[in-house]
Amino acid sequence: METKKKKVLHYVARMDRAGQETFIMNIFRNIDRNKVEFGFLCSIDGEGDYDKEILSLGGNIFHVRLNRLNNKFKQIDNFFLLYRYLKKIDYDVFHIHTQHAMDAFLSSLAAKLAGFNNVIVHSHNTSTDFHIKAHYIFRFFLNLLNINRYTCSVDAGKWMFNKKNCLVVHNGVDINKYRPDELTRNRIRKQYKIEDKFVYGHVGRFSDQKNHRKLIEIFDNIQKRNENSILLLIGTGELKDEIKSKVEEKHLEDKVYFLGVQENTNDFYKAMDAFLLPSLYEGLSVALVEAQATGLPCYISDTISRESDITSNIFRIELTKDSDQWAQEILADRQVRNRQDIKDDSVSEIKNAKYDISEIANMLQQKYLDM
């Protein structure tokens, strides 16, 4: 007799190529899909970047169109919309991915009232860009619910659950995809005619959190001292046009490459010489794990959780320092580094730190099956 699959419904905005969505897809690719079935309930209409792959892997995609979280007066409507939708859907586990306690509480309560015994709230960040007061208010109510509490880092767990115990689920990566590879490096650099350049890179959504405004200022100061510098920006988002305008104002059009969404980000890391991440906050950046796995020196803001320091290639700079100071510190370090410093042993460090996605998928799979 065939064993019934455990059916897990992931609750997300849309399955685009962003950090938490990339983590979920890494799990989906590595989980035993004969034992666990994934569905994705999206609160934003439209096709996501990962939708075709989800369907090819046997997943299902559903949409319940909600008002956006930043309209706090519409949340009661969203609660009833979600409740009615969950009443008619047949899944065993409701896995909520979020950074805001108001969203987490209302979604969890709707799922509980709709009949879900197994609800997971998964914290993916350490702050939010909207309604911070509401977050702290609803965090109290969230902690009254009988739910499973997961987090990408200890700091992200404190942000969502205060002092409640929660399970840390590392944002793992497929470590074999990020091993340094000179053939791939040369191919990408030749494609973009940057063979003889020193290439800085950033992978992330164009949003306030990622701090692209300061990133451009930092790079502007870097290239004033070293005109041989190039910056690759991978991603999309609501601030992309603003950042493009900023690049044009500084006459950096031939220095900054807007590469959009890329399926093979692992190849682009290999083409880089350094990774920049001046974020205002991070739960635990998937891109930063990937960059470290590739062996890149990573220059990051001091506001990012220290749990992100998986390898010895992390260099922290105070976010309060101005962009010129950032550039000076980065270039002072680069003067004693070269591409030969980037070696394969970073992959071993990632594996030893328990960020290998195959191990994390196995652990999470067992958690689902035990529910």
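With which residue does lysine 351 form a salt bridge? Its partner is glutamate 359, and the closest N and O atoms of the two are 3.4 Å apart. The term salt bridge is used here for a side-chain nitrogen of Lys or Arg within 4 Å of a carboxyl oxygen of Asp or Glu. Lysine 351 is partly exposed, with a relative accessible area of 35%, and glutamate 359 is likewise partly exposed, at 33%.

The model is predicted: local features need pLDDT of at least 70, side-chain atom pairs count only at pLDDT 80 or more, and totals for chains, interfaces and linings use all residues. Residues are numbered from 1 along each chain as its sequence is written, and side-chain values use heavy atoms, with hydrogens and water left out.

Six strands form an open sheet in the order S10-S9-S8-S11-S12-S13, with parallel pairing. Strand S10 (256-260) and strand S13 (314-317) stand at the edges with a single partner strand each, so one side of each has no neighbour in the sheet. From one strand to the next, the twist averages 25°. Helices (H or I, at least four residues) and strands (E, at least two) are DSSP runs, numbered from the N terminus; two strands pair if DSSP finds at least two bridges between them. Angles run from 0 to 180 degrees between N-to-C directions, and axes are lines fitted to C-alpha atoms, for helices over the stretch in contact.

Strand S8 (residues 198-203) pairs with S11 in the parallel sense over two bridges, and tyrosine 200 stands opposite alanine 274. S11 also pairs in the parallel sense with strand S12 (residues 298-301), over three bridges; here phenylalanine 275 has cysteine 298 as its bridge partner. Cysteine 298 in turn stands opposite isoleucine 314 in S13, and S12 and S13 pair in the parallel sense over four bridges.

S11, helix H11 (residues 286-293) and S12 make a right-handed β-α-β unit; right-handed means that, with the strands pointing away from the viewer, the path from the first strand over the helix to the second runs clockwise. Helix H8 (residues 212-225) lies across S8, strand S9 (229-234), S10 and S11, and runs at about 165° to S9. Contact, in this setting, means heavy atoms within 4.5 Å.

Glutamate 282 forms one with lysine 210, the closest N and O atoms being 2.7 Å apart. Glutamate 282 lies in the loop between S11 and H11 and lysine 210 in the loop between S8 and H8, so the pair ties together parts that are 72 residues apart in sequence. Glutamate 282 counts as buried at 3% relative accessibility, and lysine 210 counts as buried at 12%. A further salt bridge joins the side chains of glutamate 217 and lysine 246 (2.9 Å, N to O). This pair connects helix H8 with helix H9 (residues 240-249), across 29 residues. Glutamate 217 is partly exposed, with a relative accessible area of 23%. Glu217 and Lys246 are linked with Asp220, Lys224 and Lys250 in a network of salt bridges.

Methods
Buried < 20%, exposed > 50% of the residue type's maximum accessible area, 1.4 Å probe, protein only.
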